[in-house]
Amino acid sequence: MKRLLQIEWLKLRHYRPFWVLGGLYVVVITVASLGTHFFLQYLKSQGADFRGIDPTIVPFYDFPDVWQNLPYIATYLKLFLAFLVIMTICNEVTYRTLRQNIIDGMSKQDWIGSKFLLLLALALAGTILLFFLGLFTGLLWGHPESYSSIFHSIEFLFAYLLEVTTFLSFALFLALLIRRPGVVIIGLTMYTLVLEPILSLILIENLRYATDSSIWETFFGKLAHFFPIRAINNLIHVPYQRYALMEIQDYVSLREALIVVGWLFLSLYGSFWLLRKRDL
Amino acid sequence: MTALNRLNFEIQQGMVFGLLGPNGSGKTTTLGMLLNVIAPTSGTFQWFEKPPSAESRQQIGAILETPCFYPYMTAVQNLEVIVAIKNCALTAIEEVLHTVGLFERRNDPFKTYSLGMKQRLAIGAALLANPPVLILDEPTNGLDPQGIAEIRRLIQDIAKSGKTIILASHLLDEVQKVCTDFMVLRKGEKLFQGNVKTALSDQRTIEVSSENMEQLQRTLADHSGITQCQLEAGKCVLNVLPSVRPIDVSRYLFDKKIVVTHLAEQSGSLEKQFLKILAET
């Protein structure tokens, strides 16, 4: 395992987009995490109030809320990491270094394994960053009485790790399948941000409000929960309505996590299957 | 489409084995299968008398077609990746860079290299783990005459060190100059396999001329060691048994009181042999 990680590190160390996209991810997550505090202060200075409540007393950074709030902010930022994964994988195909790696003595399992370890390392780095950001902002701006539940709901960090690992594995599979970085990057971005959210919203809302839904409406309405992006992004539910005193799901559901694990295995197995089936 | 059909061969340790054939005859496909990057529809093979594995590939240095490296990385950085894959010593990097004459340019990005340098780096990479077997697919493709000569000298030096080399090429004189054994492929089928020296001695001829060609030809036809005697451009071209040397011909004619004005031995070329093989099948 150390050897596989070392191989990936040697390849990435000198790859400028790795530092650019990785840096962008770190900076944007940090700015967004810290920025909410200043955004709420700005709202206050503009005289905004939430039904008579001062925006700065919104307990955004209180433990354990912060463990759900920060990973949720980071939901779409994982696209930066996905771009990096797509670019490196497509490079391996176009430079034919994938083939040369196999010729030089990696097995195909080794190769997928090394890429998976890379994705895991990226996701882990993001998770650790969020842990420190949560700890730092929670202690700095959270209400002191919340310190007693400091590591309560820390499961959201594990959910984030699973979320990013699965999304990046999905990107790995698409990159190996399509092999053109531009197509995959634009396609995945459109699908993640526009296509699937709209489609699943239509299907799910249609089922919710239909008085007598047909068997197909029911089927697709339920199926929408299994769509990859819906499943991955829904692992951590939107937390912000709670500050408008609405009820939210403030835990990680095992059922939803299992769907994501399913996508993780499907993506990895699919990638391996492509590699085994194709002439390189 | 069938790229290869019931191909069967064995390569002994220490051979410099030439894989000959026109473009599209299945040379790269054959090597790709042996290196697990092309999946055969059926058939098996072994390396080192064992079923193939990633470990056996670590014991093989191979380039298939074009040199494949990370363009944004330097020679040293690229070789570091291969060292990690092959589990060999980092110190080997400096050594192979000297061997292939790239030490001075070791810290320049691969993308700045000329084709010849890329090809040499690929051979260097293949040599990294000091493997007992080297596979070189068209190693002189696209090089200028000087580059070709350099690579050939490199291959001959490596061959002298006792390594087994498999060299695929469509260049006949390349195989003739470098290889001990060869196999001819056409449309995925084996046409011929044999020893280069034997094939060349089959093609050996002796040329003779004298003032009276008719008499000469009649006399030579009586010699038991001469299998064929043809008149070509004012010379008698003799196909002879392997035991017959030019001095034997000279002695024989001297005894018959014929004065020779020209006597030369022509070694055969693989090209002639190759054309003969293609014509026969």
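## Model and confidence

Residues are numbered from 1 along each chain as its sequence is written, and chains are lettered from A and ligands numbered from 1 in the order in which they are written. In this predicted model, local features need pLDDT of at least 70 and side-chain atom pairs count only at pLDDT 80 or more, while totals for chains, interfaces and linings use all residues.

The model has an ipTM of 0.89 and a pTM of 0.88. The mean pLDDT (the predictor's confidence in each residue, from 0 to 100) of chain B is 88, and 100% of its residues score at least 70. Within chain B, confidence is highest in α3(B), at 96, and lowest in helix α11 (residues 270-280), at a mean of 77. Helices are DSSP runs of H or I with at least four residues, numbered from the N terminus.

## Contact between chains A and B

Chain B contributes 23 residues and chain A 22 residues to the contact, where two residues are in contact if their C-beta atoms, placed from the backbone, lie within 7 Å. On the chain B side, α2 (54-58) and α3 (75-86) each supply at least two residues. The largest share, seven residues, comes from α3(B). The chain B side comprises 17 nonpolar, three polar and three charged residues; Ala, Val, Leu, Ile, Met, Phe, Trp, Tyr, Cys and Pro count as nonpolar, Asp, Glu, Lys and Arg as charged, and the others, Gly among them, as polar.

B:Ile85 lies in helix α3 of chain B. B:Ile85 counts as buried because it has 28 C-beta neighbours inside 10 Å (buried: 20 or more other C-beta atoms within 10 Å; exposed: 12 or fewer; partly exposed: in between). Its contacts, not counting residues up to four places away in sequence, are A:Ile7, A:Asn101, A:Asp104, A:Gly105 and A:Met106.

## Helix pairs in chain A

The axes of α3 (residues 65-73) and α7 (residues 155-178) of chain A come within 8 Å and cross at roughly 20°; axes are lines fitted to C-alpha atoms over the stretch in contact, with angles from 0 to 180 degrees between N-to-C directions. α3(A) and α7(A) are therefore roughly parallel (angles under 35 degrees). A:Trp67, A:Gln68 and A:Pro71 of α3(A) meet A:Phe156, A:Leu157 and A:Tyr160 of α7(A).

The axes of α6 (residues 108-141) and α11 (residues 254-277) of chain A come within 10 Å and cross at roughly 145°. Their contact has six nonpolar, one polar and two charged residues.

Methods
Angles under 35 degrees count as roughly parallel, over 145 as roughly antiparallel, 65 to 115 as roughly perpendicular and the rest as oblique.
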